[in-house]
Amino acid sequence: MKKNTLIFISLYLFCLNLTAQQKDVIRIETQDQAIILTAESDDKVIFQYWGRKVNSTAPFLNRKIKGQPDTSDDFASQLYPAYGGRYYLTPALKLTHADGVLTTELVYINSENKALDNNRTETVVHLRDKLYPVFVDVRFVAYQRENIICQSVEIRHNENKDIKVENLASSYIPLHAESYYLTHFNGTWSSEMLMEEEELTHGIKVIETKKGVRATQSESPSFLLSIDNPANEDTGEVYAGTLAWSGNYKLSFELDETGKLGIISGMNSFASTFTLKAGKKLQTPEMVLAYSAKGTGQISRNYHDWARKYGMMHGNEVNPVILNSWEGAYFTFDEKTLTDMIDSAAKFGVEMFVLDDGWFGNKYPRNGDNAGLGDWQVNTKKLPRGIGYLADYAVNKGIKFGIWIEPEMVNPDSELAKKHPEWIVKSGKRDILPMRNQWLLDLSNPQVQDFVVKTFDDVIALSPNISYIKWDANRHVDNVGSEYLPAGEQAHFWYEYVKGLYSAYERIRAKHPDIQIQLCSSGGGRLEYGALKYHDEFWASDNTNALDRIFIQYGTNIFFPTIATASHVSTSPNHQTGMMTPLKFRFDVAMSGRLGMELQPKDIDSEDYEFATKAIENYKRIRPIVHLGDLYRLVSPYGKNGWASHMFVSKDKKEAVYFAYSLKYHGRTTYLETKLKGLDPQKNYKITELNTRGWNRSFYGDGQVFTGDYLMKVGINLNIGNPFDSSALMLTEE
Ligand code: DGJ
């Protein structure tokens, strides 16, 4: 070896050694928050802190955390605890090595930090097992302006045989406080995203689903965690997370004997052990994390800003007002029914007509939910001139056209089910259990992915005038199993199904970047950022009853933006609940999201017709504020007094819109007085009441000018109090 080479190698080894001695402080920062880690080569990476930004990080290098009584070890939390070493709480990683050893001890290799652009910074912490060639990368992307941090993990190995990955979380968060208040979101079909807050006690609280598809319908992979006090809109430290994953998930909150809380979030490990081959990678979904020192309101505004830019499609453009055919026609229509609806939609000022379920299937016509799913050919009996005729008809009336599909599903009574029984999710020879009379196609199979992509392409090809697709999914997974996956990899189904879905989404989006796509999934069934990233909006619930929607949308909009919240005015009595509510109330509720209509327009009488037309016109005025502005929640519907109120403020604070609802009979007992939020105290605002009927006014100051300072300190009081009274006010800078 040449002398120079020898000198170079010695120098290199010397530098490596220097690095090994060094203790690193790793900072993951956005404008208002920081996660701080400390790391030393060949030692554990310590999760030191998550909270408000601190101006000095040096003290973290010598920070000591109280030890366990029977060891001398530092008790500090790790960044990514694996099952092994002294760790005895629920680990973020559990795997079995090729030689059968059950434990893993992750130590620090190094970390990388780079700016992705002027708003995003990526930090990757590289870890490895002390003894085995197993490598784990923990990746953070910090979004400066939106104050969001996304965390994900990748594992790979070079062992001489496969390893079994039993649990691989997306994130582990250790917190230490006097008490913790967890808000989680649950429900069922037609009553999604209802909120429950509880003080955590010792032990483990788990939020999870094993449903596989339509995974968010009864629990959401999202949480709010308030420190020391129940969550408040404007004050207090709040941590939040929502998992971007369309399959099984598990969030666990473990309060240990020292008062420390460990939050582990990620894919559900239930029946999902992953056999990982040498040289292959396994990647977790992203956990989208937020922190606020100023309560929950700021958390939501951060998520909404982030979502519009990074978490959904076309989030910087307002979405159109839609008439959807479902509740107005269900499966029973012909061409005339639909052209009549389009005529009315155009007269109302609606901007898009969407043809829902029921337009396809010939041998097995889709005249109910029991046949035809999978056969995506136009039903020639109902629509002899095809979809092209209808789409052209709509466009000629000046409105856009959209159409419904449910490409992952199949009715047993369909040509597809007979042709491709091997595509259906089934558990060996066991019965395939139907749900809503349908079976699930096996998206882990690339042929099924091709079919789903082709279905989308073929439907779009029905007319150049189709500009919107409503993508439904109306069942979850029972009796799991895949004829495509090998016997030894059946447990991969949960992961591969979602990966197959994302691959189909990717291909569809590469080809159809401008088509608007609604994430429907029976309402609220795929309410997470893994899927929303490819969509323009979601159907929050099949329940269109305005009173229920106030609660559903309240929970939904904690994490997901109003621009994406499809919210439709339906008929009264409501089809799901039988409840009767005034049209004004229904509009005032639906106008807080992406407004649409879900009814048969010909059933609307002339007085209501005039009101609806005017309300849609009003909505178009306030839409940029609702879709692109900031949401401030004023009165929670969960409060004891039976009111709800919130407002939206434009980013430049020149305009705002305020909504208030009476949820029960108040008589003379109380009246609603709310202090407004988010305005500029220096500005003068003229208040105009919207959606009025006759001479009725809910606000005495209609047409008057108030200062922002007055409105935020004194507030406004309203003359509403009967059940389903409501008020909509627009504020404009004078
Ligand atoms: C469930 C959806 O949520 C509804 O809006 C409607 O599209 C039906 N499916 C159609 O089958």
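Which residue's side chain meets that of Asp234 in a salt bridge? The partner is Lys677, at 2.9 Å from N to O. More on this pair follows in point 3.

1. Ground rules. This is a predicted model: local features need pLDDT of at least 70, side-chain atom pairs count only at pLDDT 80 or more, and totals for chains, interfaces and linings use all residues. Residues are numbered from 1 along each chain as its sequence is written, and side-chain values use heavy atoms, with hydrogens and water left out.

2. The ligand site. The ligand has 13 residues around it, and Asp356, Asp357, Lys470, Asp472 and Asp542 come nearest. To count as near, a residue needs a heavy atom within 4 Å of the molecule. By type, the shell splits into six charged, four nonpolar and three polar residues. Here Asp, Glu, Lys and Arg are charged; Ala, Val, Leu, Ile, Met, Phe, Trp, Tyr, Cys and Pro are nonpolar; the others, Gly among them, are polar. Look next at the ligand's oxygen atoms. One is 2.6 Å from a side-chain N or O atom of Asp357. For Asp356, the corresponding distance is 2.7 Å. Trp539 also takes part, with a polar side-chain atom 3.4 Å from a ligand oxygen. The protein buries 98% of the 290 Å² that the ligand exposes when taken alone. Accessible areas come from the Shrake-Rupley method with a 1.4 Å probe; for residues, only the protein chains shown count as cover.

3. Asp234 and Lys677. A salt bridge is a side-chain nitrogen of Lys or Arg within 4 Å of a carboxyl oxygen of Asp or Glu. By this rule the count comes to 41. The Asp234–Lys677 pair links distant parts of the chain, 443 residues apart. Asp234 sits in the loop between β13 (222–227) and β14 (238–244). Lys677 sits in the loop between β33 (673–674) and β34 (684–690). Helices (H or I, at least four residues) and strands (E, at least two) are DSSP runs, numbered from the N terminus. Asp234 is partly exposed at 37% relative accessible area, whereas Lys677 is buried at 18%. Buried means under 20%, exposed over 50%, and partly exposed in between (1.4 Å probe, protein chains only).

4. Other salt bridges. Lys397 pairs with Asp343, with the closest N and O atoms 3.3 Å apart. These two are 54 residues apart: Lys397 lies in the loop between α5 (386–396) and β22 (400–405), and Asp343 in helix α4 (residues 335–348). Lys397 is partly exposed at 41%, and Asp343 is partly exposed at 21%. Asp413 bridges to Lys418 at 3.8 Å between the closest N and O atoms. A network of salt bridges links Lys114, Glu122, Arg139 and Glu286.

5. Strand β26. Which way do its side chains point? In β26 (residues 516–519), Gln516 and Gln518 point one way, Ile517 and Leu519 the other, and all are buried. In a regular strand, side chains alternate between the two faces of the sheet. Strand β25 (residues 466–471) pairs with β26 in the parallel sense over four bridges. Pairing requires at least two DSSP bridges between the strands. Ile517 is the bridge partner of Ile469.

6. Thr275. This residue lies in strand β17 (residues 274–276). Thr275 is buried, at 12% relative accessibility. Its side chain makes a polar contact with that of Lys164 at 3.2 Å. A polar contact is a pair of N or O atoms within 3.5 Å; within protein, one must be able to donate a hydrogen and the other to accept it, and residues adjacent in sequence count only if both atoms are side-chain atoms.
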